[in-house]
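The sequence and the model follow.

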Amino acid sequence: MLENKINVWRAEKKWTQQQLADQVGVSRQTIIALEKNKYNPSFILAAKIANALEKPIMEVFNYKED
């Protein structure tokens, strides 16, 4: 499972979920699911999110075994 800090870094930029979704080309519902750890993104989407948030991917996402 990938845990993430999307909401932390998104709040730092003062972005709404919709603004981040628009930046990376997904729906707001996808961002909500990601923030609640209900959905593991593809590597490409994870990289897009990290790039949009201007953070290294390892600061945004952390792999944890179940």
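Which residues have the most contacts inside the largest nonpolar core? In this predicted model, they are Ile6, Leu20, Val24, Ile49, Leu53 and Val60, and the core has 16 residues. Two or more residues come from each of α1 (6-12), α2 (17-24), α3 (28-35) and α4 (43-53). The element that gives the most is α4, with six residues. As background, nonpolar side chains tend to be buried together in soluble globular proteins.

**Leu20 and Leu53**

Leu20 belongs to helix α2. Its relative accessible area is 0%, so Leu20 counts as buried. Beyond the neighbours within four places in sequence, Leu20 is in contact with Ile6, Arg10, Trp15, Ile31, Ala52 and Leu53. Leu53 in turn touches Ile6, Trp9, Arg10, Lys13, Trp15, Leu20 and Val60, with residues up to four places away in sequence not counted. Leu20 and Leu53 lie 33 residues apart along the chain, and their C-alpha atoms are separated by 8.3 Å.

**The pair α2 and α3**

Two packed helices are described by the angle between their axes and the distance between the axes. For α2 and α3 the angle is about 110 degrees and the axes are 8 Å apart. Angles of 65 to 115 degrees count as roughly perpendicular, and α2 and α3 are therefore roughly perpendicular to each other. On the α2 side the contact involves Gln17, Gln18, Leu20, Ala21 and Val24, which meet Arg28, Ile31, Ile32 and Glu35 in α3. Sorted by type, the residues of this contact are five nonpolar, two polar and two charged.

An α-helix has 3.6 residues a turn, so residues three or four places apart point the same way. In α2 the buried residues are Gln17, Leu20, Ala21 and Val24. Because they cover an arc of only 100 degrees around the axis, they are on the same side of α2. Asp22 and Gln23 are exposed on the other side of α2. In α3 the buried residues are Thr30, Ile31, Leu34 and Glu35. Their arc around the axis is only 130 degrees, which puts them on the same side of α3.

The buried residues of α2 have α1, α3 and α4 as packing partners. For the buried residues of α3, the partners are β1 (2-4), α1, α2 and α4.

Each of these helices is followed by a residue with positive phi, as tabulated here.

| Helix | Residue that follows | Phi |
|---|---|---|
| α2 | Gly25 | positive, near 80 degrees |
| α3 | Asn37 | positive, near 55 degrees |

**Lys55**

Where is Lys55 found? Lys55 is in the loop between α4 and α5 (57-60). Is Lys55 buried, exposed or partly exposed? With a relative accessible area of 21%, Lys55 is partly exposed, because buried means under 20% and exposed means over 50%. Not counting residues up to four places away in sequence, Lys55 touches Trp9, Glu12, Ala50 and Val60. Among these, Val60 is also one of the residues with the most contacts inside the largest nonpolar core.

Key: Residues numbered from 1 in each chain as written. Predicted model: local features only at pLDDT ≥ 70, side-chain atom pairs only at ≥ 80, totals over all residues. Heavy atoms only, no water. Core = buried A, V, L, I, M, F, W, Y, C linked by side-chain atoms within 4.5 Å. Buried < 20%, exposed > 50% of the residue type's maximum accessible area, 1.4 Å probe, protein only. Helix = DSSP H or I, 4+ residues; strand = E, 2+ residues; numbered from the N terminus. Contact = heavy atoms within 4.5 Å. Axes fitted to C-alpha atoms, helices over the stretch in contact; angles between N-to-C directions. Parallel < 35°, antiparallel > 145°, perpendicular 65-115°, else oblique. Nonpolar A, V, L, I, M, F, W, Y, C, P; charged D, E, K, R; others polar. Arc of directions from axis to C-beta.
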